[in-house]
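Here is a short tour to follow with the model open beside you. Let's begin with a pair of helices and then move to the strands.

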Amino acid sequence: MTKISRRQFVGSTAAFAALSFSNRLAFATPLGLPLGIQLYSVRQQMLTDLDEALAAISAAGYTEVEAASLPKKSAKEIRTALDRAGLKCVSAHHSFADFDARLDETVAYDKELGVSFVICASPGHRPLSPAGTPGSERPFTLDDWRYNADQFNTFGEKTAALGVRFGYHNHTREFVVTDGKTPYMELLRLTDPKKVTFELDCGWVMVAGANPAEIMKNHPNRITMLHVKDFSLPPNPSPENHEAKVTELGRGNVDYHPIFAQAAKTQHIEHAFVEQEAFDMPWKESLKVDADFLRAFKT
């Protein structure tokens with residue numbers, strides 16, 4: 001058996017690690033970004049076995065994650081598990097209430113994970129008098145959406161002072177026309193680009209009957225991150241039509257060619273995250289199907 005010196009071993013190990021990292025970057029998304037995934041995808045698996053869930057994500061080829069639905073553990077414990085799996089947490093999702101009631105605490109936790117972005121993933125209602133209907137039980141008015149825009153500007157100013165960027169993530173209710181206005185467009189209009197960025201969930205936009213590429217064309221440089229997911233869509237998608245069914249990338253009706261092309265033209269996308277909200281196959285296989293779809297994607 002040929003013996004090698006410690007220096008040779010260390011050198012070869014470093015070379016292998018560099019090659020491995022290079023290969024992983026070569027399998028980046030169509031926008032030239034590392035493969036990312038939203039941890040909501042494995043929310044149940046993380047509760048059962050955090051290390052197994054994160055190891056499976058890494059094994060599928062993902063290198064970046066966005067936090068959501070984390071197990072009830074300290075930021076240090078989560079960060080250690082991420083480091084062990086070779087994953088970098090660059091963003092985190094929270095509710096409006098998290099920012100409204102405990103912004104400093106929320107940001108401190110996320111910064112320990114290593115994030116650069118904190119994202120509000122649900123809107124809040126304008127506070128009513130004690131006699132009013134509880135916020136969670138009433139529909140959103142245009143005044144509510146304008147209140148959100150004001151609050152997002154405030155949140156964004158505060159988080160910037162703490163060293164992270166604030167953004168908003170859509171679902172479908174942002175596209176329910178309200179008093180003649182589309183709330184998502186009002187949020188884009190009323191928020192300060194220097195304080196608030198947007199994470200466009202392309203799948204939910206399509207479910208709502210809107211067009212992600214058109215949004216990006218009409219609002220240059222407002223979108224910093226994307227959520228990439230697929231749906232089997234009904235014939236006439238709309239925010240009120242709940243017949244869409246989530247599936248793995250490439251198996252539904254969402255065409256990412258115009259979406260990625262427009263993102264490259266009019267936005268500066270820093271991160272793109274797969275989000276698999278439900279599985280049509282064993283979960284580890286699903287993670288790989290999504291990753292393979294993006295690695296093989298031709299623009």
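## Two crossing helices

Helices α6 and α7 cross in the right-handed sense (the near helix is turned clockwise from the far one by less than a right angle). From α6 the contact (heavy atoms within 4.5 Å) takes in Leu142, Trp145, Arg146, Asn148, Ala149, Phe152 and Asn153, and from α7 Pro183, Glu186, Leu187, Arg189 and Leu190. Seven of the residues in this contact are nonpolar, two are polar and three are charged. The axes of α6 (residues 142–161) and α7 (residues 183–190) lie 9 Å apart, at an angle of about 35°.

This is a predicted model, where local features need pLDDT of at least 70, side-chain atom pairs count only at pLDDT 80 or more, and totals for chains, interfaces and linings use all residues. Residues are numbered from 1 along each chain as its sequence is written, and side-chain values use heavy atoms, leaving out hydrogens and water.

Strand β10 pairs in the parallel sense with β1 (residues 36–38) over two bridges, and Gly36 stands opposite Phe273. Strand β7 (residues 223–228) is also a parallel partner of β10, over four bridges; here Leu226 has Ala272 as its bridge partner. Pairing requires at least two DSSP bridges between the strands.

## The whole chain

The protein chain holds 11 helices and 10 strands (DSSP runs of H or I with at least four residues, and of E with at least two). Of its 299 residues, 50% count as buried.

How values were computed
Buried means under 20% relative accessible area, exposed over 50%, partly exposed in between (1.4 Å probe, protein chains only). Axes are lines fitted to C-alpha atoms, for helices over the stretch in contact, and angles run from 0 to 180 degrees between N-to-C directions. Ala, Val, Leu, Ile, Met, Phe, Trp, Tyr, Cys and Pro count as nonpolar, Asp, Glu, Lys and Arg as charged, and the others, Gly among them, as polar.
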